[in-house]
Structures are given as C-alpha cells and as structure tokens.
Amino acid sequence: MIEDELRDAFARHEAQAPALEPLRRAIDVLAGRRRRRRAVTRAGAAAVVAALAVALPVQVWRGKGADVLVPLIESVAPVAVPEGPLNLLLLGLDQRGTLADSRADTIMLVHLPADGGRAYLFSINRDVVVDIPGEGRERISATYYYSGAEGTRKAVEKLTGLRVDAVATVKFTALRSVTDALGKVPVCLPDPVTSDHTGTVFPRGCRDYSGRDVDDLIRQRKHLPHGGYDRDRIGQRVVLGLARKAGQLDILRDAGAVRRLAATPGVTVDVGGLDLLGLALRLDGTTPDMITGIGQPTWNSTPTGGERLDPKVAPELFAALREGTMEAFVSAHPDWVLQE
Amino acid sequence: MTYEEFVNTRLGALARYAVMLTGDQHTAQDLVQETMVRVQLNWRRVSRAQAPERYVKRMMINQYVDWRRGSWLRRVFLRPDPDPSIAAPADHAQRAADRDVIWNVLATLPRQQRAALVLRYYEDLPDAEIADMLGCTVGTARGYISKALSRLRESADRLSLGGIR
C-alpha cells in the first residue's frame, strides 16, 4: 500500500536529521545577533515615547504600564537606568515634495537634570551659524545635509559644550501620524496663527488639533512676529501637548496605541549605548507641568542673514545645563522661558 | 517550561520533522534554525500556547509553505530551491534507490500537499488537526492528501516500471 510505503520512507529518513549540537549553537548565535539588532529597531516605540513627547508619560508606568512595554521591547537584558544628566537631541526633518530630507528644521535639545523629574527643552534656531568642518561657516540646519544626524549631533555638542547622549529624528509627516494615533492633541497658543499654506486660522488659547492641523501649524514661520523663533516655540508647545495627551490616555496601557506608535514610519533613534527602556524609566515622574521650554527670544542676525546665539545669555545657559543650575537660569531669564 | 527545557527535550523531534517537510538535511537545518530563532526571541508568547510543541510545529509549517513565496529562505539564505534529484541520500545500492522512489516523488509535490502527508503519516494527526495546522478547512486538507496520494501512486508506478532495471 502506498500509505505504508510512505510511513516507511518517513521512518527511514529520520536518520537524515541534522546534528543537534551544532544546530543548537547556530540557533543561539543567530538569535543573539537578531536580538541585538532588534533592540535598536523595536526601541522605536519607546523612542517615540522618549523623544517625541519627552514623556509619553512614563508616569503611567508606575506599577502598571511596565508589563505592557517590556514584552513590546522583548529585551531579556536587565534594564539599566542611565545615571547623571542626560541630553537627548530631537531633530525635526521637513521633507516636502520630492526633496530628500536634507535639512533639520527643528533642533531641540531635551535636557534631563541628574536629579528630580524636571525636563528642559532647548530649541536651537535652524539658522544659527556654526563651523562645519571642511565646509566653512554654515547654518546649523545644513549640518544634516552634509553628514546626517551625526553631523548635527557634533555641531550641537560643539556649540553647547554638552554631551549628546541620544539623537531622535522625526519627519514632520511622522509627527502627523503620531498625533493621529493619539487622537487629537491639545496645543495652547498665546496668539492666533494663520497658516500661509492652507489659510487655516489657529485661534488664541487651547484647542485639540488633529494630525493634519499640527503638521500645518508646526511649519508656520513667515508671518509670525519672531519668525523661526516663534515656530520653535510652537514646536515646544506641540511636544507639551503630546506629553499631556499621552498622560491622559494612559498610553502605555493601551497595547493597540503603542503598536500604532511603534509602527510610525519616519522616526529613527540612535541611543548609542543607552538602554531605551531605562531612558524611559528615567522619565518616570516627569509630568508635562515639569517640562520647561527654553529658547532665544528673538533675532540676533549676522550680516549674511544667519543667526547668532546671544553672546551673553547663551554661555550662561550652557553653563547652567552643564552644572545643573537650570532653575536659577529660568528665574534670571524669564524672556528665554516658554510662557504657558 | 523554559526555553532550555523545550530545546533539550524537543529539538531532535523538530529536526526530524523538518527533514520530513523539506526532504533534505541542509534545508531542514535552515528551517529549524530560522524557526527556533523566532521561538527563542518570542519564548514568552510560545510558552503561553496550550501546546508549545505543536505551536512551534505550526510555525515551521507556515515557514515552509511560505518559502515558495520567497519570504524566508530566499531572503535569508539566497539559496536556490533544492534539486529533487539530489534529495535522496547518497546510497548507490539499487535496492535503496528503488525504495527512495517514493521519497523523490514527495519532493515534486506542492508544499501544502507534502505538509498534509507529513502530518497524517508521520505525525499521525487526525484530519481536523491537520486542517488546523495548515490553516485550512478539513475538506481542503483531505483534498490535499487524496491528491498527493494519487500522484504518488501514479508516479511510483511509472518510475518503478520504466526504471533503471
């Protein structure tokens, strides 16, 4: 009978099974390699957390969210919570039409002091002129064009004298998807803004905005009283809104929402040697009202149309960031502080 | 059960099962390797399954059936499809060659059909479980098996009649 022959054929070929010990070693090696690679890519979810919203608030982790996020990251390594002050660089890339993302339009340094749950967002105007090795004096946004996120990281380190621990790049289109994944995001504007691109009027006060609105709002610059400086402040307000919204949603307990965030194309993160989960744990306890936006109030232009950092206040700011004395800086320079 | 315990007790059976599915040692090794890497990385989920071994065998079937669509083998190993004529073990004795007629014909079957035969005649599963493993209806699973058997009968007849002897 064909069935019996078939059983015989299967039984005879059992001897062909590959040797188990080498097989087992090969599995372990491959799995190890893939786990390391995945720790970087999977971290995307926590990255959106840590970078975009500073705090896709991690306060929801207290006791309840951690078991949602841990399987998501699927890291078996123990979580190392980084110590000391941390600086995360957030780059917003404007990619419109067919142009490759060539410029970092939004440059925001997220500073977490060594102690306490505070966080500071420092926006660097994209037109600030810096020395680019081999290229001469250029606007800082061009560093991305010359050497990618790494180039901008180096320029920011040189400019501020701070070590940058992690870099996240976010395409403006990704910001739109993230906003939609969260539902609408509350943004508070001190003055009305009219879009140059769509004619939409964004009124004074706090409103919930969709991804499309946020995408539109965050590009506005030309008709704002302080141009790019005002735009950077709007960027900070959007980040605060994201943090607030994420806190309301208890986002990390909603596995579906986390998965949608994790799948957002256009967000990449380089955390160097940091453990992202640990990084996010560091943000535990940072609530939106503990986040302070910092930025130069207005223009200080060079003759060629670039921007300069204030020669007196900027060094004070960088020293305060380095030395952990930001509270004193904030009370001494209210004009550099984002007013809620 | 820990991953270690699972590997200690089940890797041999999985390796044999892979040989039945793929028909040769190297492809079997690739199949087990790829599946077990995923098992290791997702052990939490696998161990939560009612019957982890069966869950893993099902992963293996999926992987094996998908291979035609180019999803894993081509991407991971960039190896050409195995040549059915070398699927038989290197045994030049005529009797062995005769006996391996059926093994060679197995290599010419569509993958779902071969998988269905392995599940019924190697794993001895009832039709309902075969259907479950293949992710199809019982009727479809039975269809795979009967088509595969009649093809085996035809080819085996033809090959042994017009064979080397």
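Is B:Asp124 buried or exposed, and how many C-beta neighbours lie inside 10 Å? In this predicted model, B:Asp124 has 9 such neighbours and therefore counts as exposed. B:Asp124 sits in the loop between helix 8 and helix 9 (127-134) of chain B. Its phi is near 55°, a positive value in a residue other than glycine. Most residues other than glycine have a negative phi.

The model scores ipTM 0.81 and pTM 0.55. Chain B has an average pLDDT of 81, and 76% of the residues score at least 70. Within chain B, confidence is highest in helix 1, at a mean of 95. The lowest mean, 41, belongs to helix 5 (residues 73-77) of chain B. Across residues 69-91 of chain B, pLDDT stays under 50. For that stretch the model has 28 contacts beyond four places in sequence. Where pLDDT is low, the predicted coordinates should not be read in detail.

The two chains differ in secondary structure. Chain A has 12 helices and 12 strands. Chain B has 10 helices and 0 strands. Of the 340 residues in chain A, 45% count as buried. For the 165 residues of chain B, the buried share is 36%. In chain A, 71% of the contacts between residues at least 6 apart in sequence join residues at least 24 apart. In chain B, residues 24 or more positions apart account for 59% of the contacts with a separation of 6 or more.

Helix 1 (residues 3-22) and helix 2 (residues 25-41) of chain B pack against each other. Their axes come within 9 Å and cross at roughly 145°. The crossing is right-handed. From helix 1 of chain B, the contact draws on B:Tyr3, B:Leu14, B:Ala15, B:Ala18, B:Val19, B:Leu21 and B:Thr22. These residues meet B:Gln25, B:Thr27, B:Ala28, B:Leu31, B:Val32 and B:Gln40 in helix 2 of chain B. By class, the residues of this contact are 9 nonpolar, 4 polar and no charged.

The contact between the chains takes 27 residues from chain B and 23 residues from chain A. Helix 1, helix 2, helix 7 (101-106), helix 8 (111-122) and helix 10 (138-161) of chain B each supply at least two residues of the side that touches chain A. Helix 2 of chain B gives the most, with 9 residues. The side of chain B that touches chain A has 19 nonpolar, 5 polar and 3 charged residues.

Two residues of chain A illustrate this contact. A:Ala17 is placed in the loop between helix 1 (2-13) and helix 2 of chain A. A:Ala17 has 22 C-beta neighbours inside 10 Å and so counts as buried. Leaving aside neighbours within four places in sequence, A:Ala17 is in contact with B:Gly12, B:Ala15, B:Arg16, B:Val19 and B:Ala28. A:Leu23 lies in helix 2 (residues 20-42) of chain A. A:Leu23 is also buried, with 22 other C-beta atoms within 10 Å.

In soluble globular proteins, nonpolar side chains tend to be buried together. The largest nonpolar core here has 57 residues. Within this core, A:Leu90, A:Leu91, A:Val110, A:Leu121, A:Leu217 and A:Val238 touch the most other members. A:Leu217 touches A:Val187, A:Val193, A:Phe202, A:Tyr209 and A:Ile234, not counting residues up to four places away in sequence. A second, separate core has 43 residues, including B:Ile61, B:Val101, B:Val118 and B:Tyr121.

Burial also marks helix 6 (residues 172-182) of chain A. Of its 11 residues, 8 are buried, so helix 6 of chain A is largely enclosed by the rest of the structure. The buried residues are A:Phe172, A:Ala174, A:Leu175, A:Arg176, A:Ser177, A:Val178, A:Thr179 and A:Leu182. Just after helix 6 of chain A, A:Gly183 takes a positive phi of about 90°.

Note on methods
Residues are numbered from 1 along each chain as its sequence is written. Chains are lettered from A and ligands numbered from 1 in the order in which they are written. This is a predicted model: local features need pLDDT of at least 70, side-chain atom pairs count only at pLDDT 80 or more; totals for chains, interfaces and linings use all residues. Axes are lines fitted to C-alpha atoms, for helices over the stretch in contact, and angles run from 0 to 180 degrees between N-to-C directions. Helices (H or I, at least four residues) and strands (E, at least two) are DSSP runs, numbered from the N terminus. A crossing is left-handed if the near helix is turned anticlockwise from the far one by less than a right angle, and right-handed if clockwise. Two residues are in contact if their C-beta atoms, placed from the backbone, lie within 7 Å. Ala, Val, Leu, Ile, Met, Phe, Trp, Tyr, Cys and Pro count as nonpolar, Asp, Glu, Lys and Arg as charged, and the others, Gly among them, as polar. pLDDT is the predictor's confidence in each residue, from 0 to 100. A nonpolar core is a set of buried Ala, Val, Leu, Ile, Met, Phe, Trp, Tyr and Cys residues joined through C-beta atoms within 7 Å. A residue is buried if 20 or more other C-beta atoms lie within 10 Å of its own, exposed if 12 or fewer, and partly exposed in between; C-beta atoms are placed from the backbone.
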